[in-house]
Structures are given as structure tokens and as C-alpha cells.
Amino acid sequence: MSKYPKLYHGTSFRALEMTPEERAQMRKDCNAMIDSLWNYFEPIYTAGKITNLMAPLNYYKDQRIFHNLCNALNIISSEKNGNKQYDLGDFYVTTAEYKAVSYARSSFAFGEIGLRAYRMYEAIRELNFENWSPSDELAKSIERVVAFAEAPERPAVYVFTDIAKDRLLSEDGEKISDEEFKYEDCFRVTGEIIMYPEKAIPVKEFADSCDKSHWPPCYW
């Protein structure tokens, strides 16, 4: 295996164009939303009564909000129960082009952390904020996250050819061998990551340049 494998990161031009301080603030905003909304939904989720929200969330007209909420809650629950695969804050890359494209297309809400926050917010908004009243500070965080998520999408893929394999860990944060690298396609990266917006590739341009013969059909 080459010392410098080709690695991909699905992202958004809007995230790349933010300053480090702006990105740090956005992560703080997302975490604040997740913590508050988890406190709201967790008793329902833990009691196994999440299906009680199907009708209030208009499931029988549009299943999207309910399914997105369930997905977010499942991931957050796993994270809070110690599943390292769902740790937030680390930087992830993949050797699979189609996964990079998929991640880019879901980057509209500021990556995985923003997506979880926004999916729960969509649900609470559909519920007309019943029994949930955010503080003034949290309301400002919500405003920033929602503004990012609902702005025009600008998905992109960043290609790395300068990250040494010894900087890569498994998705669970464990060291990997050369043999394991052959069978895994998503990794955490240790050390500093620097990305330049002008070097990112619009997701459509990237996808159009790929040989899709080995892609799962649902990713075409």
C-alpha cells in the first residue's frame, strides 16, 4: 500500500469558507441544540414511545421527518452509550468515492453534527415547539444552525494525497494494520488537517469524473 493513499472527504464549500473560529462556534451551536433536544426526546425514545410521534409529525403524509428524527436519536443514543463509531469532532475520510459523494450531499447542515441537530429541530418545529422553550442564548445558536442548513447547498469533495497511512485510525479510533486497510474504507485522521476551498471539487463535477461501474446502484 502506498504511504499516501488517495482519500476523500465529503463536505460543503460553505463550511470550507468559514474561519476556524466560525467553525468552532457552529460546532458549539450544534452541540447545544443536540443536548437540549435530546433532553426533550430522550424520555419518549427510552420509553419506546417514539411511534406516538408519528401522527403529530404527519407521518402518513410525509415519512421523512419521522424517519430522520429516529435516525438522529438512534445515533445520539449510541454515542451516549459509548459507541466510539459515532464520536463527534474527529475528522473522517474515505477511500470510497461514492461514500464521499454521499457525505457531501448530506453536508448541507454542517456535517454529521449539524445534521443531527437539524433533524431533531425539524421534528420539534413540526410539533410546534410543544413543551420546549429554548433560552435566548440557545435561540441564537438555533438561528445560526438553521440558517446554515437552509441556505443554498454547495456540496464538495476534497481529495487528499498527502495524508500518511500511519495517521489513519479505524472509525472506532483504533490503530489499523496494512491488511486491515484493504478491507476498511472509512477512517479517522490524526493530526492537523488544512483544507483550501479553491482545491475542493463541486460534488457533481467529482461524481461525473468517477468510474461508477463499481458503485452501488443507489449512489449513482
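On one side of helix 6, residues D136, K140 and E143 are exposed. In this predicted model, helix 6 spans residues 136-149. Its 14 residues extend 20 Å from the first C-alpha to the last, close to the 20 Å expected at 1.5 Å a residue. The buried residues of helix 6 are L138, S141, I142, V145, V146, F148 and A149. An α-helix has 3.6 residues a turn, so residues three or four places apart point the same way. The exposed D136, K140 and E143 are on the other side. The cover over the buried residues of helix 6 includes strand 1 (7-12) and helix 1 (13-16), together with helix 2 (20-46) and helix 5 (111-126).

Helix 5, one of the elements covering helix 6, has 16 residues and reaches 22 Å from its first C-alpha to its last, close to the 22 Å expected at 1.5 Å a residue. Helix 5 is mostly covered, with twelve of its 16 residues buried. The buried stretch comprises I113, G114, L115, R116, A117, Y118, R119, M120, Y121, E122, A123 and I124. Helix 2, helix 3 and helix 6 are among the elements that cover these residues. Just after helix 5, N128 adopts a positive phi of about 60°.

Two packed helices are described by the angle between their axes and the distance between the axes. For helix 5 and helix 6, the axes come within 11 Å and cross at roughly 105°. The two helices are therefore roughly perpendicular to each other. Helix 5 contributes Y118, Y121 and R125 to the contact, and helix 6 contributes I142, V146 and A149. By class, the residues of this contact divide into five nonpolar, no polar and one charged. Y118 and Y121 are listed among the buried residues of helix 5, and I142, V146 and A149 among those of helix 6.

On the helix 2 side the contact is made by I34, D35, W38, F41 and Y45, and on the helix 3 side by L69, L73, N74, I76, S77 and K80. The contact of helix 2 with helix 3 has seven nonpolar, two polar and two charged residues.

Helix 3 also contains N68. N68 is buried, with a relative accessible area of 18%, where under 20% counts as buried. Leaving aside neighbours within four places in sequence, N68 is in contact with R119 and E122, both of which are among the buried residues of helix 5.

Two further positions are partly exposed. Y92 is located in strand 2 (residues 91-94) and has a relative accessible area of 21%, which places Y92 in the partly exposed class. Y92 and E171 are separated by 79 residues in sequence and by 7.9 Å in space, C-alpha to C-alpha. K165 lies in the loop between strand 3 (155-160) and strand 4 (168-169). With a relative accessible area of 28%, K165 is partly exposed. K165 and K3 are 162 residues apart in sequence, and their C-alpha atoms are 5.7 Å apart in space.

Technical notes
Residues numbered from 1 in each chain as written. Predicted model: local features only at pLDDT ≥ 70, side-chain atom pairs only at ≥ 80, totals over all residues. Heavy atoms only, no water. Helix = DSSP H or I, 4+ residues; strand = E, 2+ residues; numbered from the N terminus. Expected span 1.5 Å × (residues − 1). Buried < 20%, exposed > 50% of the residue type's maximum accessible area, 1.4 Å probe, protein only. Contact = heavy atoms within 4.5 Å. Axes fitted to C-alpha atoms, helices over the stretch in contact; angles between N-to-C directions. Parallel < 35°, antiparallel > 145°, perpendicular 65-115°, else oblique. Nonpolar A, V, L, I, M, F, W, Y, C, P; charged D, E, K, R; others polar.
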